[in-house]
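Here's a quick tour for anyone opening this structure for the first time. Have a look at the model, then read on.

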Amino acid sequence: GGGGTESDAPREAPWPDAGDFHFAFDCPGAEVDGELQRLMDAGLLHEYAYNQVEAQKAMEAAVAAAPDCAMVRWGLAYVYGPFQTTPC
């Protein structure tokens, strides 16, 4: 088989069987690299799957990687927000 380039390579899913979910976002004044994108995607996918603990870990790592990015801070606030499944 011929060797492909990095751009031909399939994008790694945030976790196995996650499909091709991708949440596009910008960080004005900062670059959204592959790791930051992976963390944001993983955080949102975990949140959508009601796995708040893993969602929070991913978003905290995203904020640590890009502390001045408003969108990752929004993601962190979103995953720490109120949940319908949280006991009162």
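Let's begin with glutamine 56, which sits in helix 2 (residues 52–65). Helices here are DSSP runs of H or I with at least four residues, numbered from the N terminus. Keep in mind that this is a predicted model: local features need pLDDT of at least 70, side-chain atom pairs count only at pLDDT 80 or more, and totals for chains, interfaces and linings use all residues. Residues are numbered from 1 along each chain as its sequence is written, and side-chain values use heavy atoms, with hydrogens and water left out.

**Glutamine 56**
- Glutamine 56 is buried, at 17% relative accessible area (buried means under 20%, with a 1.4 Å probe and protein chains only).
- Setting aside residues up to four places away in sequence, glutamine 56 touches Leu76, Val79 and Tyr80 (contact means heavy atoms within 4.5 Å).

**Phenylalanine 25**
- Phenylalanine 25 lies in the segment before helix 1 (34–48), and phenylalanine 25 is buried, with a relative accessible area of 8%.
- Beyond its neighbours within four places in sequence, phenylalanine 25 is in contact with several residues, including Val32, Met40, Cys69 and Met71.

**The nonpolar core**
- The largest nonpolar core has 15 residues, and Phe25, Leu36, Met40, Met59, Cys69 and Val72 touch the most other members (such a core is a set of buried Ala, Val, Leu, Ile, Met, Phe, Trp, Tyr and Cys residues joined through side-chain atoms within 4.5 Å).
- Helix 1, helix 2 and helix 3 (70–79) each supply at least two residues of this core.
- Leucine 36 touches residues such as Phe25, Ala62 and Val72, not counting those up to four places away in sequence.

Methods:
Buried means under 20% relative accessible area, exposed over 50%, partly exposed in between (1.4 Å probe, protein chains only).
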